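Thanks for coming. I will walk through one structure today and keep it brief. Please have a look at the sequence and the model first.

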Amino acid sequence: YHNESHCNLKGANLDDPHHLVQEKHYLNKCYALGYMLHKYKQEDYSKMLYIMDDTVKESEEDANGRSGKSLMLRGLRCLLPQRFLIDGKNKIVTTDKHIFHGLDENAGFIEVEDMDRFMDFKFFYTKITTGVVVNPKQTKPFELDFEEVPKWALTTNYGLANIEMSVPVTDKTL
């Protein structure tokens, strides 16, 4: 079965609902990579590539690593080699006033790697949707406007807690 169904989204052991799930996962990855590979950004359509494993968890504390989250970004780094890395396991990284030291408009993308369950995602929200103030060590801070800030990617083993939409969902927006 494995050899016959290698790279086949409609394997014989899957029923139609599972075929649809496979297709949606594949198309989602294609869209995400396509989005990351071009520089164009639109302020009213700001995105961050959010990569989380799809393993069913027994509890919120479960962290099922080794599911291939970093594989996609490893390929992206081959095409956009100048990534700016933020250590997502560092629980206090968002309190570092020099967190963006070294970031400039030439970076291929910003990667928050393996974000901890308790990191405050709200810290990144305005930076994704507006711009970033870079505070380099021993020199004057400067601002990168929305158009200059590279696109964002994040990997984590956890769902994001306390997610709030920027625009409230109403019947008119559905």
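Among contacts in the chain between residues at least 6 apart in sequence, what percentage join residues at least 24 apart? In this predicted model, the figure is 71%. Keep that in mind as we go through the parts.

First, the overall picture. The chain has 174 residues, and 32% of them count as buried. Four helices and six strands are present. Starting at the N terminus, the elements come in the order α-α-β-α-β-β-α-β-β-β.

Now the sheet. Four strands make up an open sheet, ordered S1-S6-S3-S2, and their pairing is parallel. Which strands stand at the edges? They are S1, residues 48-52, and S2, residues 83-87. Each has a single partner strand, so one side of each has no neighbour in the sheet. From one strand to the next, the twist averages 15°.

Let me turn to one pair in that sheet. Strand S3, residues 109-115, pairs with strand S6, residues 151-156, in the parallel sense, and five bridges connect them. In this pair, Met 115 stands opposite Thr 156 in S6.

Two helices go with the sheet. Helix H4, residues 122-129, packs on it and touches S1, S2, S3 and S6. The direction of H4 makes about 155° with that of S6. Helix H2, residues 16-36, lies across S1, S3 and S6, and runs at about 140° to S6.

Next, a loop. Where is Lys 137 found? Lys 137 sits in the loop between strand S4, residues 132-134, and strand S5, residues 142-144. Setting aside neighbours within four places in sequence, Lys 137 is in contact with His 98 and His 101. Lys 137 and His 101 are 36 residues apart along the chain, yet their C-alpha atoms are separated by 6.7 Å.

Last, confidence. The average pLDDT of the chain is 84, and 83% of the residues score at least 70. Over which residues does pLDDT stay under 50? That is the stretch 167-174, for which the model has two contacts beyond four places in sequence. Where pLDDT is low, the predicted coordinates should not be read in detail.

Conventions
Residues numbered from 1 in each chain as written. Predicted model: local features only at pLDDT ≥ 70, side-chain atom pairs only at ≥ 80, totals over all residues. Heavy atoms only, no water. Pairing = 2+ DSSP bridges. Axes fitted to C-alpha atoms, helices over the stretch in contact; angles between N-to-C directions. Contact = heavy atoms within 4.5 Å. Buried < 20%, exposed > 50% of the residue type's maximum accessible area, 1.4 Å probe, protein only. pLDDT = per-residue confidence, 0-100.
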